[in-house]
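Welcome, and thanks for taking a look at this chain with us. Please have the viewer ready while you read.

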Amino acid sequence: MNCPSCGTELPTTAKFCGSCGYQSAHVGQAATAAVANSRDAVPMAFSSSPSYDEIAANGYELPVGEVLGEAWELTKNNLGLLIGGTLVLSLVYGVAANIPFAGLVLGGPLLAGFNVVALRLLSGSHAGFGNFFDGFKKFMPLMLVSLVSGVMVAFGSLLLLLPGLYLALAFTWGMWLVIDRDEEFWPALMGSMKVVNARFGVVLLFALAL
């Protein structure tokens, strides 16, 4: 499938073009049809978008209002699942946090469960409570993304605060890239930084809106 706007080849699960930002209700229809035939056939990696260099060079759109609106609708339509998953993961993390080092080790994979469920819902795939624990399928890179980024942000915060705030924003997409692109932890963090730097002001606005 190619983008109707710029012609970039896109995966069937794409809801927008990573090169030009084009969005269409028709994008992803093939994925919806496939899901109807096999509701559990979605792999851990959800897309094969352009490289980080291409995204940084071509730029991208991040329509904050539209994204928040879609998130709100997605939440309303799956309220029971998301509230239940939040309660379960919070309980598990609360127990782990009282065990030495367990919170540090399990925090990333547990938090990633929300990302997995969100991506499944966005791609039109079935999502259930079990998917909130799919982060453990990528345990090592997700644990390292959480641990390494946390240490770097904490260290940066000691240096007059601003470096820590910058790194927190720069690593925004790290966990998503491990899941969505099957990246290892360091390429995910560096890829996130490169993409954020390309549209820093827009990503900052998005973070403030959140």
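Predicted model: local features only at pLDDT ≥ 70, side-chain atom pairs only at ≥ 80, totals over all residues.

Residues are numbered from 1 along each chain as its sequence is written, and side-chain values use heavy atoms, with hydrogens and water left out.

In soluble globular proteins, nonpolar side chains tend to be buried together. Here, the largest nonpolar core has 26 residues, and Leu142, Ile179 and Val203 have the most contacts inside it. At least two residues of this core come from each of helix H2 (52–58), H5, H6, helix H7 (162–170), helix H8 (174–181), helix H9 (185–198) and helix H10 (200–209). H9 gives the largest share, five residues. A nonpolar core is a set of buried Ala, Val, Leu, Ile, Met, Phe, Trp, Tyr and Cys residues joined through side-chain atoms within 4.5 Å. Buried means under 20% relative accessible area, exposed means over 50%, and partly exposed lies in between (1.4 Å probe, protein chains only). Helices are DSSP runs (H or I, at least four residues), numbered from the N terminus.

A second, separate core has nine residues, including Leu81, Leu82, Val117 and Phe132.

Val203 is in contact (heavy atoms within 4.5 Å) with Tyr60, Leu62, Leu169, Trp173 and Val196, leaving aside neighbours within four places in sequence. Val195 is found in helix H9 and counts as buried because its relative accessibility is 11%. With neighbours within four places again left aside, Val195 is in contact with Tyr52, Ile55, Tyr60 and Trp173. The C-alpha atoms of Val195 and Ala57 are separated by 9.4 Å, though these residues are 138 residues apart along the chain.

**Salt bridges**

The structure holds four salt bridges, each a side-chain nitrogen of Lys or Arg within 4 Å of a carboxyl oxygen of Asp or Glu. The table shows some of them.

| Pair | Closest N and O atoms |
|---|---|
| Lys194 and Asp53 | 2.6 Å |
| Lys76 and Glu73 | 3.2 Å |
| Lys137 and Asp134 | 3.5 Å |

Lys194 in helix H9 and Asp53 in helix H2 are 141 residues apart, so this pair links distant parts of the chain. Lys76 and Glu73, by contrast, both lie in helix H3 (residues 64–77), three residues apart, about one turn of the helix. Lys76 is partly exposed at 45% relative accessible area, and Glu73 is partly exposed at 38%. In the remaining row, Lys137 counts as exposed at 61%, whereas Asp134 is buried at 8%.

**The loop between H5 and H6**

Asn131 sits in this loop. Is Asn131 buried or exposed? Asn131 counts as buried because its relative accessibility is 13%. The Asn131 side chain makes a polar contact with that of Asp134 (2.8 Å); such a contact is a pair of N or O atoms within 3.5 Å, and within protein one must be able to donate a hydrogen and the other to accept it, with residues adjacent in sequence counting only if both atoms are side-chain atoms. Not counting residues up to four places away in sequence, Asn131 touches Gly113, Val116, Val117, Arg120 and His126.

Phe136 is found in the loop between helix H5 (102–122) and helix H6 (139–158), and is partly exposed at 32%.
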